[in-house]
Amino acid sequence: MEKTNTTEGKIEGMFKAGAHFGLSKARRHPSVAPYIYGQKNKTEVFNLEKTAVLFDEAEKFMEKLGAENKVVLFVASKNEAREAIRYAGEVLDMPFCAGRWIGGSLTNFSEIKKRVNLLESLRDQSEKGELARYTKKEQLLIKREMEELEKRFSGITSLKKAPDAMVVVDSKKEYIAVAEALQKKVPILGYVSSDCDLSVIDYPVVGNDTSKESIKFFINHMVEAYLRGKKSIA
């Protein structure tokens, strides 16, 4: 077993990534209180031993999803998380939203799917050279529309139905995505800081959700857990 997969290794890895830093006490959500170790320079510090327990539970759930070949949607719009979210989606060949959440992506999926279908149709026409039949002005307008559709929907083109689970970074910032997942009864696995409500997340992992390295550490472990689960049935 790799050291980073042991409890001691996780704690050490999280510490190096700065995962122990929370926010100010004034911003703390009451549900996070049991996971606070103390305070340093007005910034609260997480008890990483308790975080490691949550981490293990989240990993076990991801392994189960992998073993059952379930669809996981990765969501985060903050700049610090976009690279990690895109990486997870591409490595696992899973849908992802590494940008602003489009309202209705889960609760009004039929309408969202129409936009995704349009994007795929335009992509197909472009690859086959069929857009050449339009005037230059029409081609320019189509190109602009494609760029906008790519920006908004490129990560979820593989999503054919509601996902089996959602992984989200910063549930407070992604409150719309979380609300839609709750409405559709999609299990939520979240990496969240001290200002988030843990009660709305099925598998919360408390940590520094504003640190690129901390987010990367969490997401990479979730990816590896899913792959372990998938490998177990290969």
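A crossover is right-handed if, with the strands pointing away from the viewer, the path from the first strand over the helix to the second runs clockwise. Helices (H or I, at least four residues) and strands (E, at least two) are DSSP runs, numbered from the N terminus. The model is predicted: local features need pLDDT of at least 70, side-chain atom pairs count only at pLDDT 80 or more, and totals for chains, interfaces and linings use all residues. Residues are numbered from 1 along each chain as its sequence is written, and side-chain values use heavy atoms, without hydrogens and water.

Reader: What is the hand of the β-α-β unit made by β3, helix α3 and β4?
Author: Strand β3 covers residues 72-75, and β4 covers residues 96-97. The two strands pair in the parallel sense over 2 bridges (pairing needs at least two DSSP bridges). With helix α3 (residues 79-92), they form a unit that is right-handed.

Reader: Which residue in β5 stands opposite V72?
Author: Strand β5 (residues 165-169) runs parallel to β3, joined by 4 bridges. V72 lies on one side of β3 with F74, and both are buried (under 20% relative accessible area; exposed is over 50%, partly exposed in between; 1.4 Å probe, protein chains only). The residue opposite V72 is A165.

Reader: Is D93 buried or exposed?
Author: D93 lies in the loop between α3 and β4. Its phi is near 55°, a positive value in a residue other than glycine. With a relative accessible area of 63%, D93 is exposed.
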